[in-house]
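Work through these exercises with the structure open beside you. Try each task before you read its solution.

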Amino acid sequence: MAFEVITVDDLRRDAGYHLLQKTDAIGFNALGAGWYRAAGSERWRYFLITPMIDSKGPKWVYERLMDALRVLEFPEGIKPLEIHLVSPRESRFYNLKKRLQVPQMQGDKNLFHVSDHTVRDFGIDAIVIYRLRDDDKRAGDTARTFDAKVRKLLAA
């Protein structure tokens, strides 16, 4: 029996990786990042998991991230409306983290792909993960660092 791995194209794969690098450089410190495709959809969405959603709210985080990325420029292959900010407490991603054994990978574009019942139970057809790590409980520190770096970037 043949099987198919559902994954993003090379342009999106590279764009997601470069976007994660850019967010790291501005202190965003995403706990998780990758692409997912919801069940029944053909549209891929890029996710960034951050506890700043819980401490500052999604509007605060999204506005600062978009301000910074307008200066740094979006990588080709990703659009602002494709970015989904996620709390580490959001049940779908929290439970996925518990179910998936994603290795802590370092290096260039290491990806973890899943497109089977493991993710379909959560309403996701496929997911491509760059990073998925435990919450470091430092949302306040992350928010302060992120805000300071964005302000500095915008002032330059």
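Contact here means heavy atoms within 4.5 Å. Keep in mind that this is a predicted model.

**Exercise 1. Contacts and the core**

Task: Find what isoleucine 83 touches, leaving out residues up to four places away in sequence. Then place this residue in the largest nonpolar core.

Solution: 

Step 1. Apply the cut-off around isoleucine 83. Its contacts are Leu19, Arg45, Tyr46, Leu48, Tyr62, Met66, Leu69, Phe74 and Ile78.

Step 2. Turn to the core. The largest nonpolar core has 31 residues. Ile83 is listed among those with the most contacts inside it, along with Phe28, Tyr46, Leu48 and Leu65.

Step 3. Two or more residues come from each of α1, β1, β2, α2, α3, β3, β5 and α6. The top contributor is α3, with six residues.

Step 4. Another one, of 17 residues, lies apart from it; Leu100, Phe122, Ile124 and Ile129 are among its members.

Step 5. Connect this to a general rule. In soluble globular proteins, nonpolar side chains tend to be buried together.

**Exercise 2. The sheet**

Task: Write down the strand order of the sheet. Which strands stand at its edges?

Solution: 

Step 1. Read across the sheet. Five strands follow the order β3-β2-β1-β5-β4. The sheet is open, and its pairing is mixed.

Step 2. Find the edges. β3 and β4 each have a single partner strand, so one side of each is left without a neighbour in the sheet.

Step 3. Direction ignored, neighbouring strands are turned by 20° against each other on average.

Step 4. Zoom in on one pair. β2 and β3 run in the parallel sense and share four bridges. Isoleucine 49 stands opposite valine 86 in β3.

Step 5. α1 lies across β1, β2, β3 and β5, at about 40° to β5. α3 lies across β2 and β3, at about 140° to β3.

**Exercise 3. Aromatic pairs**

Task: Classify the ring pair of phenylalanine 28 and phenylalanine 146.

Solution: 

Step 1. Count first. The structure holds five aromatic pairs.

Step 2. Take the phenylalanines. The ring centres of phenylalanine 28 and phenylalanine 146 are 5.3 Å apart, with 85° between the planes. Planes over 60 degrees apart count as edge-to-face. This pair is edge-to-face.

Step 3. Locate the two rings. Phenylalanine 28 lies in the loop between α1 and β1, and phenylalanine 146 lies in helix α6, so the pair ties together parts 118 residues apart in sequence.

Step 4. Judge burial. Phenylalanine 28 counts as buried because its relative accessibility is 0%. Phenylalanine 146 is also buried, at 0%.

Step 5. Take the tyrosines. Tyrosine 46 sits in strand β2 and tyrosine 130 in strand β5, 84 residues apart. Both tyrosines are buried.

Step 6. Look for a cluster. Phe28, Trp60 and Phe146 form one.

**Exercise 4. Salt bridges**

Task: How many salt bridges does the whole structure have? Describe those of arginine 131 with aspartate 24 and of aspartate 147 with arginine 64.

Solution: 

Step 1. Search the whole structure. The count is twelve.

Step 2. Take arginine 131 and aspartate 24. Their closest N and O atoms are 2.7 Å apart. The bridge links strand β5 to helix α1, with the partners 107 residues apart.

Step 3. Compare burial, with under 20% as the limit for buried. Arginine 131 counts as buried because it has 16% relative accessibility. Aspartate 24 is partly exposed, at 33%.

Step 4. Take aspartate 147 and arginine 64. The N to O distance is 3.0 Å. This bridge joins helix α6 and helix α3, and the partners are 83 residues apart. Aspartate 147 is buried, at 15%.

Step 5. Finish with a network. Asp10, Arg13 and Asp14 are linked by salt bridges. Within this group, arginine 13 and aspartate 14 meet at 2.9 Å, N to O. Arginine 13 is partly exposed at 23%, and aspartate 14 is partly exposed at 22%.

Definitions and conventions:
Residues are numbered from 1 along each chain as its sequence is written. This is a predicted model: local features need pLDDT of at least 70, side-chain atom pairs count only at pLDDT 80 or more; totals for chains, interfaces and linings use all residues. Side-chain values use heavy atoms; hydrogens and water are left out. A salt bridge is a side-chain nitrogen of Lys or Arg within 4 Å of a carboxyl oxygen of Asp or Glu. Buried means under 20% relative accessible area, exposed over 50%, partly exposed in between (1.4 Å probe, protein chains only). A nonpolar core is a set of buried Ala, Val, Leu, Ile, Met, Phe, Trp, Tyr and Cys residues joined through side-chain atoms within 4.5 Å. Two strands pair if DSSP finds at least two bridges between them. Axes are lines fitted to C-alpha atoms, for helices over the stretch in contact, and angles run from 0 to 180 degrees between N-to-C directions. Rings of Phe, Tyr and Trp (its six-membered ring) pair if their centres lie within 6.5 Å; planes under 30 degrees apart count as stacked, over 60 as edge-to-face and the rest as tilted.
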